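Subject: Structure handover

Hello,

Please find the structure below. My notes on it follow.

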Amino acid sequence: MVVPPEEGRLITSSARVLVATAVPAERDAVARAFPGLVEELALPGATVHRATGATVHRGTGATDLLAAGVGPALAAASTAAALTAAALGGRPYRLVVSAGIGGGFPPHAPLGSLVVADEITAADLGAETPDGFLPVTDLGFGTVTHRPPAALVREAAAASGALTGTVLTVSTVTGTAARADALRARHPRALAEAMEGFGVAEAAAAHGVPVLEVRAVSNPVGPRDRAAWRVGDALTALTEGFGKLAPVLESWIQHDQHDHQ
């Protein structure tokens, strides 16, 4: 059940965790992992759904859920807006989680499996050259990888039974075996690809907030065969995964972040 905000009410964040998904279906799948009401809150530049479940009763604040949009650019902009609103409200988020469904690299990440990223990498941010693809870092600019806190990755994977490895962020979803093979050749630890994680991580990094990425595998990376996709199963896996992850996230943010390096 979603409770709409009161008209004209500006609500600053009392939550400590922001979960950013691409689309409402993913946001709602995460919300189902939390008992109690979900309240819709208007923040400047973003609308979040606040899950006031178990965490709020233990004093850590609720979890805010944001349908940030598809692709790294919109995901970064929406996440940055929510982070800024929370910071200006005097209750900044302590952790950002990029979550949703995504493609898995077979056979390493089968359909329905859960993946927790130990590296969040922009796979197509760079330049094509006669000698192959060069990441933007090889051109002397920026970054292409964000690394979530190692202890948090270990604890999240142990609690949820998730696989751990690199999750790639792409602006164009892979649709051929050749591109899937090329991505795995450049990123041999890659388990999954999606379209938002790096953008969410960039926004979190700009605010000095740690980030985590969690993906439930709905389809194999490679030739697009929609008949083989298992979106419903992946959304169910996302709900079940967050049911197990919520206590880990709750515990993690209660401790000084330096204890988890």
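Strand β11, residues 163-169, is mostly covered, with 5 of its 7 residues buried. Buried means under 20% relative accessible area, exposed over 50%, and partly exposed in between, with a 1.4 Å probe and protein chains only. Helices (H or I, at least four residues) and strands (E, at least two) are DSSP runs, numbered from the N terminus.

Before the rest, a word on the source. This is a predicted model, in which local features need pLDDT of at least 70 and side-chain atom pairs count only at pLDDT 80 or more, while totals for chains, interfaces and linings use all residues. Residues are numbered from 1 along each chain as its sequence is written, and side-chain values use heavy atoms, with hydrogens and water left out.

Back to β11. Strand β7 (residues 114-122) pairs with β11 in the parallel sense over 7 bridges; two strands pair if DSSP finds at least two bridges between them. One of the residues bridged to β11 is A122, whose partner there is T169. β11 also runs parallel to β12, joined by 4 bridges, and L168 has E193 of β12 as its bridge partner. With helix α5 (residues 177-186), β11 and β12 make a right-handed β-α-β unit. Right-handed means that, with the strands pointing away from the viewer, the path from the first strand over the helix to the second runs clockwise.

Helix α6 (residues 197-206) is mostly covered too, since 7 of its 10 residues are buried. Among them are F198, V200 and A204. Just after α6, G208 takes a positive phi of about 70°.

The largest nonpolar core has 34 residues, and V19, L95, V97, L212, V214 and F242 have the most contacts inside it. Such a core is a set of buried Ala, Val, Leu, Ile, Met, Phe, Trp, Tyr and Cys residues joined through side-chain atoms within 4.5 Å. The elements that each supply at least two residues of this core include β2 (17-21), α4 (150-160) and β13. Its largest share, 11 residues, comes from α7.

Finally, which residues lie nearest the centre of the largest pocket? They are I101, G102, V173, S218 and N219, out of 24 lining residues. A pocket is an open set of points on a 1 Å grid over the protein atoms alone, where a 1.4 Å probe fits, with protein on both sides within 12 Å along at least five of seven lines; lining residues have an atom within 4 Å of a point. β13 gives the most to this lining, with 4 residues.

Regards
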